[in-house]
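Good morning, colleagues. Please look at the structure first.

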Amino acid sequence: MTVDGDLLDGDAADPSDGDASAPSDGDPSGLTDGDIRAGVRDVSPLLLGIAPFALIAGIAAVDAGLGLAEAVGMSVIVFAGASQLAAIDLIGSNAPLAVVVGTAVVINLRMVMYSASIAPHFADYGRRFRAGLAYLLTDQAYALSVAEFEANSERSRWRYYFGAAAALWVVWQIGTVVGVVVGAGVPDAWGLTFAVPLVFLALLVPAMKDRPTTAAGVAGGTIAVAAAGLPLNLGLLAGAVSGIAVGLLTEVYGS
Amino acid sequence: MTGGSLIPFGGSLEVWLAIVVIGLATYGFRLSFIHLFGRIDEVPARIKRPLRYVPPAVLAALVLPDLVTVRPSVAATLADERLIAGAVAGVIAWRTEDVTATIAGGMVTLWLFRFVVFV
């Protein structure tokens, strides 16, 4: 809605790839900026969904024997919920390092798609600035920003994205710390770590949106259950890889 | 569910190593096309097509083993508080697509079975 000088500061027009820091900016503090605030405002409903997810990441970390520094270190360095929960789960069951890393990496492969999809919107910024923006890329920040950029071409790309992505980052870190503290005080009988598969379930259901994706989910889950006894916790990877293969086969031969 | 351990997670060092390696790989994925844009503008179809199936396949492979444990009889497999709570949560996820409602519904169902029904 607001224009606030974006067309003047070269957001959309300046092709020179000055490899400097942030694009020039009418409001260096950024905190009172309309586009940043719009990003924060639009992401607020999603923060309500992220907060319990972050709490669970903290709770599960404690349960798996991680300390506060490790839990927060993971939330800052990895900053990708589903992969963190999977890694914590595997660490808790004493899986080998390669399986923990391999599983988390497969889960985060989807970021490549987000990166490709949002890249044109950041094309005019300097390389280092883009490298900073990339760190904050998440499912939610991606989905919200790309939808807004398509609906509103006047919107400052980096400011709107930054507002949404940074708010997610802050809530994620605070939620992790609170989860570690809370998780240490809740009796095991409550089974709070059961919330981990529930989070995945809430993400899974909307991801199965047509025949091939549904087939991928059904196959991935079935194989993972059948292979649950495999050594080195390889059942998860076996399920994931078979699910992807079945999705592709269904796409090709399905209809 | 403990698997064999080539490099078991005994110490903090392995945990930090896992965190750093996962973090670096994830950052590489995030940066990939944002960095390369201009040289490679489109994800090649050969990469894009399988990527579409990563979320449902991986998420289902994460969820189901936590809800289902195959037991000798079908009845014993189905009469599991985690599976029932998961089914309730699945319906809520399907109807509302709300993470918080899904977690709440699943946890409350689990607690009902754990603390009320089977007492």
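What share of the contacts in chain B with a separation of 6 or more comes from residues 24 or more positions apart? The share is 26%, where two residues are in contact if their C-beta atoms, placed from the backbone, lie within 7 Å.

This is a predicted model, in which local features need pLDDT of at least 70 and side-chain atom pairs count only at pLDDT 80 or more, while totals for chains, interfaces and linings use all residues. Residues are numbered from 1 along each chain as its sequence is written, and chains are lettered from A and ligands numbered from 1 in the order in which they are written.

Chain B has 6 helices and 0 strands; helices (H or I, at least four residues) and strands (E, at least two) are DSSP runs, numbered from the N terminus.

Turning to the interface, 80 residues of chain A and 68 residues of chain B take part in the contact. On the side of chain A that touches chain B, helix α9 (residues 195-207) of chain A gives the most, with 12 residues.

Consider next helix α1 (residues 34-63) of chain A and helix α6 (residues 99-117) of chain B: their axes, lines fitted to C-alpha atoms over the stretch in contact, come within 8 Å and cross at roughly 45 degrees. With angles run from 0 to 180 degrees between N-to-C directions, α1(A) and α6(B) are therefore oblique to each other; angles under 35 degrees count as roughly parallel, over 145 as roughly antiparallel, 65 to 115 as roughly perpendicular and the rest as oblique. From α1(A), A:Leu48, A:Gly49, A:Pro52 and A:Phe53 make the contact, and from α6(B), B:Val99, B:Thr100 and B:Ile103.
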